[in-house]
Amino acid sequence: MASLEWSRYVYSVLAAAGLNRGGARERIIDVLGAQECALSAIEIENELRAQGKPTARASIYRVLDLLVEHGLAERVVVDGGQARFEPLEPSGHHHHHLVCGHCGRLVAFNDPGLERAIDKLSDRLGVKVDSHDVLLRGACESCG
């Protein structure tokens, strides 16, 4: 999803919840929406600082928690319990991740076959899967 489209969606959901726009909130939404994959709060903080828009880490965590609470972002927990955050598309389109056990790099991937397998599994088990997370651990191309 394009950053602008996701950002508009976020603002409409937050406005419907009675939440106003704020400077820090807008900056964080802009950074998060422009990313291809999940970022940590520290990475967001560093990006904002590089843009000349320093923002307190506590504010970043508050905004990220708010986005997760409203179903607008997903918390991806990687090795060592580190949390990364990425936008959730209203369409449900998503990707999965591989975390490199050597360098810590997070690699996003799509796999239609995996999605079909999850659908077949839910049918076989007789359950309705609302969402799922796939996190593979291994070595990235650089460390492989």
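Predicted model: local features only at pLDDT ≥ 70, side-chain atom pairs only at ≥ 80, totals over all residues.
In soluble globular proteins, nonpolar side chains tend to be buried together. Here the largest nonpolar core comprises 20 residues, and Leu-32, Ile-44, Leu-64 and Leu-67 have the most contacts inside it. At least two residues of this core come from each of α1 (3-16), α2 (23-33), α3 (41-50) and α4 (57-69). The greatest contribution is that of α4, with 5 residues. The surroundings of Ile-44 illustrate the packing: leaving aside residues up to four places away in sequence, Ile-44 touches Ile-28, Val-31, Leu-32, Leu-39, Ile-60 and Leu-64. Apart from this core lies another, of 6 residues, including Cys-37, Ala-38, Val-76 and Val-78.

Attention now turns to strand β4 (residues 106-109), in which Leu-106 lies. Leu-106 counts as buried because its relative accessible area is 13%, the limit being under 20%. Beyond residues up to four places away in sequence, its contacts are Cys-37, Ala-38, Val-78, Arg-84, His-97, Leu-98, Val-99 and Leu-135. Of these, Val-78 is 28 residues from Leu-106 along the chain, yet their C-alpha atoms are separated by 8.6 Å.

The remaining feature is open space. The largest pocket holds about 400 Å³. It is lined by 23 residues, of which Glu-74, His-94, Ser-131, His-132 and Asp-133 are the closest to its centre. Strands β1 (73-77) and β3 (96-100), together with helix α5 (112-125), each supply at least two lining residues.

Technical notes:
Residues numbered from 1 in each chain as written. Heavy atoms only, no water. 1 Å grid on protein atoms, 1.4 Å probe; cavity = no way out; pocket = protein on both sides within 12 Å on 5 of 7 lines; lining within 4 Å. Points joined across faces, edges and corners; volume = space filled by probe spheres on them. Helix = DSSP H or I, 4+ residues; strand = E, 2+ residues; numbered from the N terminus. Core = buried A, V, L, I, M, F, W, Y, C linked by side-chain atoms within 4.5 Å. Buried < 20%, exposed > 50% of the residue type's maximum accessible area, 1.4 Å probe, protein only. Contact = heavy atoms within 4.5 Å.
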